[in-house]
Amino acid sequence: QVQLVESGGGLVQTGGSLRLSCAASGSIFGVASMAWYRQPPGKQREMVAVIRSGPLRSYADSVLGRFTISRDSAKNTLYLEMNSLKPDDTAVYYCNAGIRDALGNYRNYWGQGTQVTVSS
């Protein structure tokens, strides 16, 4: 079994910064990709940033230039550095990972989410 545990959320003022972390643990035999999603109040979940093998990264237009996704492969930990935060960034942030098991099968996992609130 695999677990993803997010941390680092909280309350911050407009223009402030936060760093989210997501630690993956359990039966991990490979990681295809890791990503951050968010779900604002009353809205659907949306992709924020994705990191794949090597240097490949993708960002939502709304966070480009403000957020940076990174990964420590040795620790199976994903990070999201968020700068110049805006009230529109208020959401529950979820970690997502495509993880390979001992049989070579990939499965999609989600963390429990961490709340980020940006006050105006």
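This is a predicted model: local features need pLDDT of at least 70, side-chain atom pairs count only at pLDDT 80 or more; totals for chains, interfaces and linings use all residues.
Let me begin with charge: the protein carries 12 positive and 8 negative side chains, and the centres of these two sets lie 3 Å apart.

Turning to the fold, the protein has 11 strands and zero helices, and if you read along the sequence the pattern is β-β-β-β-β-β-β-β-β-β-β. The radius of gyration is 14 Å, close to the 14 Å that the globule rule gives for 120 residues, so the protein is as compact as a globular protein of that length. As for its extent, the C-alpha trace spans about 50 × 25 × 25 Å along the principal axes.

On contacts, if we take those between residues at least 6 apart in sequence, 56% of them join residues that are at least 24 apart. Of the 120 residues, 42% count as buried, while the accessible surface comes to about 6,400 Å², with 48% of that area belonging to carbon and sulfur atoms.

Is glycine 42 buried or exposed? Its relative accessibility is 89%, and because the cut-off for exposed is over 50%, glycine 42 counts as exposed.

Definitions and conventions
Residues are numbered from 1 along each chain as its sequence is written. Side-chain values use heavy atoms; hydrogens and water are left out. Buried means under 20% relative accessible area, exposed over 50%, partly exposed in between (1.4 Å probe, protein chains only). Helices (H or I, at least four residues) and strands (E, at least two) are DSSP runs, numbered from the N terminus. The radius of gyration is taken over C-alpha atoms; the globule rule is 2.2 Å times the number of residues to the power 0.38. Contact means heavy atoms within 4.5 Å. Accessible areas come from the Shrake-Rupley method with a 1.4 Å probe; for residues, only the protein chains shown count as cover. Lys and Arg count as positive and Asp and Glu as negative; His and the chain ends are not counted. The place of a charge is taken as NZ of Lys, CZ of Arg, CG of Asp or CD of Glu.
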